[in-house]
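Here is a short note for a colleague who is opening this entry for the first time. Please read it with the structure in view.

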Amino acid sequence: MAGAEASRVGRRLPDPGPPQARTVLLLVDVINPLDFPGAEALTEAALVAAPRIAALKHEMARRGVPVIYANDNFGHWRSDFHQIVQRCRRGRRAAAALVRQLAPGLQDLTVLKPRYSAFDQTPLELLLTRIGADRLVVAGFATDLCVQFSAMDAFVRGYELWVPGDCAAAEAPERHAAALDWMALALRCRVQPAWR
């Protein structure tokens with residue numbers, strides 16, 4: 001390797017660190033292969049919510065709100081976020097449709113999670129502290145599982161919460177509604193839709 005090339009390869013640009021903001025949009029499991037038991041029931045609702053989530057992301061970005069994707073690794077322990085995106089892009093039609101609408105951009109931040117909550121065994125709390133956030137907008141799948149568990153963990157850490165009901169989906173409408181009702185009551189969470 002020539003000296004100049006070796007010098008370029010060994011030099012790293014300084015990392016500017018995460019953006020600073022009081023509000024963060026947290027997208028939970030929106031990059032999703034939809035290949036688990038019960039996925040058939042979630043798919044239709046997820047595809048209805050996806051364009052609303054994409055519009056919310058666009059509006060938040062316009063306002064300077066950073067986006068963090070918190071996604072299951074779906075049992076692929078040697079994966080990274082890019083690999084999960086590529087796997088879903090090549091996967092079932094519905095999974096590919098979600099990726100087309102909701103893939104992270106270069107400016108977005110990503111966290112892989114091994115379990116339900118975006119906070120459980122992940123660097124999310126540290127990242128939010130570095131950003132300076134005290135408000136979270138939580139959207140994604142499924143309302144009554146990973147979205148609710150992430151919102152609950154955010155609540156106990158003192159975050160102000162908004163889970164826009166039209167930007168989340170569950171396997172059944174009654175489960176979606178029950179989860180929103182519970183979050184509104186127990187977590188003092190705003191659940192009004194983003195779009196009317």
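Predicted model: local features only at pLDDT ≥ 70, side-chain atom pairs only at ≥ 80, totals over all residues.

1. Salt bridges overall. The structure holds 11 salt bridges.

2. Lys-57 with Asp-108. These two side chains form a salt bridge, with the closest N and O atoms 2.7 Å apart. Lys-57 sits in helix α2, residues 39-62, while Asp-108 sits in the loop between α4 (93-102) and β3 (109-113), so the bridge ties together parts that are 51 residues apart in sequence. Both Lys-57 and Asp-108 are buried.

3. Arg-62 with Glu-59. Here the closest N and O atoms of the salt bridge are 2.6 Å apart. Both residues belong to helix α2. They are 3 residues apart, about one turn of the helix. Are the two partners buried or exposed? Arg-62 counts as exposed, because its relative accessibility is 58% and the cut-off for exposed is over 50%. Glu-59 is buried, because its relative accessible area is 18% and buried means under 20%.

4. Lys-113 with Asp-72. Their side chains meet in a salt bridge at 2.7 Å, N to O. Lys-113 lies in strand β3 and Asp-72 in strand β2 (residues 67-72), so this pair links parts that are 41 residues apart in sequence. Lys-113 is buried, with a relative accessible area of 1%. Asp-72 also counts as buried, at 17% relative accessibility.

5. Cysteines. How many disulfides does a search of the whole structure find? It finds 0. Cys-88 is buried, with a relative accessible area of 1%. Cys-167 counts as buried too, at 0% relative accessibility.

6. Helix α3 against α4. Two packed helices are described by the angle between their axes and the distance between the axes. The axes of α3 (residues 81-89) and α4 come within 7 Å and cross at roughly 125°. The two helices are therefore oblique to each other. From α3, the contact uses Val-85, Cys-88 and Arg-89. From α4, it uses Ala-95, Ala-96 and Val-99. These contact residues divide into 5 nonpolar, no polar and 1 charged. Cys-88, buried as noted in the point on cysteines, is part of this contact.

7. Ser-150. This residue is found in helix α6, residues 143-156. Which residues does Ser-150 contact, leaving aside its neighbours within four places in sequence? They are Val-28, Tyr-116, Ser-117, Ala-118 and Phe-119.

8. Helix α6 against α7. Which way do these helices lie to each other? The axes of α6 and α7 (residues 173-186) come within 10 Å and cross at roughly 10°. They are therefore roughly parallel, since angles under 35 degrees count as such. On the α6 side, the residues that meet α7 are Thr-143, Asp-144, Leu-145, Gln-148, Ala-151, Met-152 and Phe-155. On the α7 side they are Arg-175, His-176, Ala-179, Leu-180, Trp-182, Met-183 and Ala-186. The contact residues divide into 9 nonpolar, 3 polar and 2 charged.

Methods. Residues numbered from 1 in each chain as written. Heavy atoms only, no water. Salt bridge = Lys/Arg side-chain N within 4 Å of Asp/Glu carboxyl O. Helix = DSSP H or I, 4+ residues; strand = E, 2+ residues; numbered from the N terminus. Buried < 20%, exposed > 50% of the residue type's maximum accessible area, 1.4 Å probe, protein only. Disulfide = S-S within 2.5 Å. Axes fitted to C-alpha atoms, helices over the stretch in contact; angles between N-to-C directions. Parallel < 35°, antiparallel > 145°, perpendicular 65-115°, else oblique. Contact = heavy atoms within 4.5 Å. Nonpolar A, V, L, I, M, F, W, Y, C, P; charged D, E, K, R; others polar.
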